[in-house]
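Colleague: Can you walk me through this one? I would like to start with the ligand and then look at some helix packing.

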Amino acid sequence: QRAAYMRDRSKPSVTLDGVDIDLFINAGLLIDVPHLEESGAVGIGLYRTEVPFMVRSGFPNVDEQQKLYQNILDQAGDKQVVFRTLDIGGDKIPSYVRESEEENPALGWRALRIGLDRPYMLRQQLRALIGAASGRPLHVMFPMVAEVSEFDAARAVMDLELKRAAEKGVDLPSQISVGTMLEVPALLFQLPTLLSRVDFVSVGSNDLQQFLFASDRGNPKLDGRYDPLAPGMLRMLKTVVDACAEADVPLALCGEMAGSPLEALALIGLGFRRLSMNASSVGPVRAMVRSVQCENLTGFIESIMNSHHHSLRSYLASYAKDHKV
Ligand code: PEP
Ligand code: MG
């Protein structure tokens with residue numbers, strides 16, 4: 001099976017009726033980057049910058065960060081890399097940042113909240129990213145955005161750093177694209193405002209699902225209790241797809257859902273055209289994409305979305321079986 005995926009890695013990720021589905025990988029360490037070539041993915045849809053921070057004993061300075069990001073961009077070559085700013089907090093707080101224990105770390109002082117409260121950290125990171133891009137395109141996204149004003153504040157920090165870089169004579173990125181993760185439900189109710197301000201959106205379905213169902217993503221007692229293929233989850237995702245299409249804002253999904261063929265099938269039927277996943281999932285998802293009729297699938301998803309069932313998983317599995325997906 002693995003050999004077949006390797007063989008097919010240069011085949012286009014396109015449905016039987018000609019719809020391109022762009023497959024990206026999620027990465028967090030330098031050793032993940034070669035997977036880009038091995039999997040045949042078109043880019044890194046989520047580079048989790050907190051991973052290198054977690055494995056160190058102290059906060060890396062701007063130069064160290066810049067070298068790291070430069071290295072990733074060098075290795076990725078012409079392929080797009082979307083850097084997510086630090087998503088520490090929750091269960092991933094480096095010892096040198098921790099201030100106190102929190103009652104509800106997933107709902108706590110994390111990600112962009114830390115970045116906005118400790119702007120020097122965010123500034124240093126954006127400075128390093130700008131320096132690393134130097135003449136190349138730069139794609140940055142912010143995690144755990146709950147309000148449009150938080151996105152605006154983060155983008156203002158980016159603009160400040162760009163201005164500083166220009167004044168210092170730094171070779172600026174050839175193109176700058178600033179987006180947001182969509183993983184906090186409050187943002188769903190600010191979509192029109194949000195979409196007029198962002199360059200792209202990437203759905204973090206892991207957190208979005210956890211907050212949507214108020215169900216801890218790491219609690220084994222809740223494992224499987226709520227399904228990402230539940231009608232509520234899919235209908236929510238559909239509103240995001242429709243709003244982004246209407247506003248003409250590029251949309252991706254980079255949570256675990258994207259990497260499981262049956263979930264990815266549902267996402268394509270909902271209208272997602274960019275999926276970012278662990279490198280090992282690219283082969284299986286590409287094989288699924290190449291065997292599916294997108295238009296027929298879209299109609300099928302539409303027809304089952306209003307179900308009252310706990311999950312649409314069995315319907316999707318039957319569809320996949322009947323249509324030899
Ligand atoms: C997510 O929440 O879906 C996501 C991609 O981010 P992380 O898993 O790093 O929280
Ligand atoms: Mg997340």
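Modeller: By class, the shell around ligand 1 has 2 nonpolar, 4 polar and 4 charged residues. Here Ala, Val, Leu, Ile, Met, Phe, Trp, Tyr, Cys and Pro count as nonpolar, Asp, Glu, Lys and Arg as charged, and the others, Gly among them, as polar. This is a predicted model, in which local features need pLDDT of at least 70 and side-chain atom pairs count only at pLDDT 80 or more, while totals for chains, interfaces and linings use all residues. Residues are numbered from 1 along each chain as its sequence is written, and chains are lettered from A and ligands numbered from 1 in the order in which they are written.

Colleague: Which residues are around ligand 1?

Modeller: They are Leu46, Arg48, Asp87, Glu183, Gly204, Ser205, Asn206, Asp207, Cys254 and Gly255. A residue is near the molecule if its C-beta atom, placed from the backbone, lies within 6 Å of it.

Colleague: Which element gives the most to that shell?

Modeller: Helix H9 does, with 3 residues. Strand S2 (43-48) and H9 (205-212) each supply at least two. Helices (H or I, at least four residues) and strands (E, at least two) are DSSP runs, numbered from the N terminus.

Colleague: On to packing. At what angle do H11 and H12 pack?

Modeller: About 50 degrees, with the axes of H11 (residues 261-270) and H12 (residues 279-289) 9 Å apart. Axes are lines fitted to C-alpha atoms, for helices over the stretch in contact, and angles run from 0 to 180 degrees between N-to-C directions. H11 and H12 are therefore oblique to each other. For the cut-offs, angles under 35 degrees count as roughly parallel, over 145 as roughly antiparallel, 65 to 115 as roughly perpendicular and the rest as oblique.

Colleague: And which residues of H11 and H12 meet?

Modeller: Pro261, Ala264 and Leu265 from H11 meet Pro284, Val285 and Met288 from H12. In that contact of H11 with H12 there are 6 nonpolar residues, no polar and no charged. Contact needs C-beta atoms, placed from the backbone, within 7 Å.

Colleague: Is Pro284 buried, exposed or partly exposed, and what does it touch?

Modeller: Pro284 counts as partly exposed because it has 17 C-beta neighbours inside 10 Å. A residue is buried if 20 or more other C-beta atoms lie within 10 Å of its own, exposed if 12 or fewer, and partly exposed in between, with C-beta atoms placed from the backbone. Not counting residues up to four places away in sequence, Pro284 touches Tyr5 and Pro261. Pro284 and Ser260 are 24 residues apart in sequence and 8.1 Å apart in space, C-alpha to C-alpha.

Colleague: What about H11 and H14, at what angle do they pack?

Modeller: About 90 degrees, with their axes 10 Å apart. That makes H11 roughly perpendicular to H14. Leu262, Leu265 and Ala266 in H11 meet Arg313, Leu316, Ala317 and Ala320 in H14. The contact of H11 with H14 divides into 6 nonpolar residues, no polar and 1 charged.

Notes: Contact = placed C-beta atoms within 7 Å.
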